[in-house]
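Open the model in your viewer and keep the selection panel at hand.

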Amino acid sequence: MSKILNSLQLSLSERERKGIKRTLKLSSSRIDFYSNDYLGLAKNESLHQQILNEFIAQPSLLYGSTGARLISGNSSYLNEMEKLIANEHKVEAALLFSSGYNANLALFSTLLSRHDTVLVDENIHRSVYDGIKLSNAKKLKFKHNDLDHLERLLQRVGGGCFIAVESLYSMDGDFAPLIELVQLADKYNAALVVDEAHAFGVFGYGLVHQLGLQCKVFATVVTYGKAMGMSGASILANQLVIDYLINYASPFIYTTAIANFHMVGLRKGYQFIKENKSLQERLQHNIKHFRNSGLTSSSNKNSPIQILKFESTNQLTKVKNKLEDAGINTFAVFPPTVAEERLRICLHAFNTQEEINQLVEKIKENV
């Protein structure tokens, strides 16, 4: 056993030497430019009061689910929530999961087999890679948002494959060309899967919904741990796909069902996003203010995720530490998570212009 432990220690020591060792930290009271709480719903007192009122009216909603959904964990409340989600997104059916990671794991590990090929954007989330690995399908990467490279791969594969993208890339802050991707998928008889984790809430119910592409996309994943401020995720697809997942997806079959009290939060969250579009407008106003500050960001001008790239780990670490000293939280991302060192700045509806000005000023002082 000591040999195994020594090997683990060597790996961790190497990461520490490079300055990229991960450690768990408590969230702090610094100015927030690093969380995924884009609309501020995780701390929204009005939303929380609505949820609390529901519990007071129906205390039984606080019960645990007691088991997996195929055994004792299903409920009419959960079924109704999935119907509501499907209706809101204008799709045939929805299937709830405890996280976006589990949703992607279920989707790609179940629908793909070793006989299939999946073409993935090289910057797609790790959960998609892990799901594909479990499926034993053939994976081919195409260059980030490069439609020409994707088409060359589609011509080589010969159709009948899957394409996997994010609508808004979490470590790049740019958008997938969804309309063009739908056209390519249709041309080559491929199944397009879109992860909407960072677009849901920020752009209504996501870019697939906003562009009216539901019937053209094979499956969509939306998550609730970001703009909605909750947790969990849904796979949106036609009823056949959902029925197949219920029968064959291990991350669904062998997981304890989400409890009804969580459904209350999701139902109220959907309602709150629909009734408070001013939060999305305020977020876009803050994004525009940041984009006009003079910093060079590689991200899209409408994205809540703004990326500043750096030439070295030392330079990035210095800037991040200086920001923390000034009471500002951002997120530094290093290889191997990304190819190039970068500072990931998340803007929110609740950030003030003064906070954004302070952030920009401190960055300019230290680059």
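What follows is a walk through a predicted model.

**Whole chain.** Select the protein chain and colour by secondary structure. There are 15 helices and 12 strands. The radius of gyration is 21 Å, close to the 21 Å from the globule rule for 367 residues, so the chain is as compact as a globular protein of that length. Along its principal axes, the C-alpha trace spans about 55 × 55 × 55 Å.

**Surface and charge.** The accessible area is about 18,100 Å², and carbon and sulfur atoms hold 50% of it. Of the 367 residues, 53% count as buried. Now select the charged side chains: 40 are positive and 36 negative, with the centres of the two sets 5 Å apart.

**Aromatic pairs.** Next, show the aromatic rings. The count is 9 aromatic pairs. Zoom to F162 and F218, an edge-to-face pair with 5.7 Å between centres and 90° between planes. F162 sits in strand 5, while F218 lies in the loop between helix 9 and strand 7, 56 residues apart. Which of the two is buried? F162 is, at 10% relative accessible area, whereas F218 is partly exposed at 28%.

Move on to Y244 and Y248. Their ring centres are 4.6 Å apart and their planes meet at 35°, so this pair is tilted. Both lie in helix 10 (residues 239-248), 4 residues or about one helical turn apart. Y244 is partly exposed at 37%; Y248 is exposed at 54%.

**Last stop.** Select F200, Y205, Y224 and Y270. Ring pairs link these four residues into a cluster.

Key. Residues are numbered from 1 along each chain as its sequence is written. This is a predicted model: local features need pLDDT of at least 70, side-chain atom pairs count only at pLDDT 80 or more; totals for chains, interfaces and linings use all residues. Side-chain values use heavy atoms; hydrogens and water are left out. Helices (H or I, at least four residues) and strands (E, at least two) are DSSP runs, numbered from the N terminus. The radius of gyration is taken over C-alpha atoms; the globule rule is 2.2 Å times the number of residues to the power 0.38. Buried means under 20% relative accessible area, exposed over 50%, partly exposed in between (1.4 Å probe, protein chains only). Accessible areas come from the Shrake-Rupley method with a 1.4 Å probe; for residues, only the protein chains shown count as cover. Lys and Arg count as positive and Asp and Glu as negative; His and the chain ends are not counted. The place of a charge is taken as NZ of Lys, CZ of Arg, CG of Asp or CD of Glu. Rings of Phe, Tyr and Trp (its six-membered ring) pair if their centres lie within 6.5 Å; planes under 30 degrees apart count as stacked, over 60 as edge-to-face and the rest as tilted.
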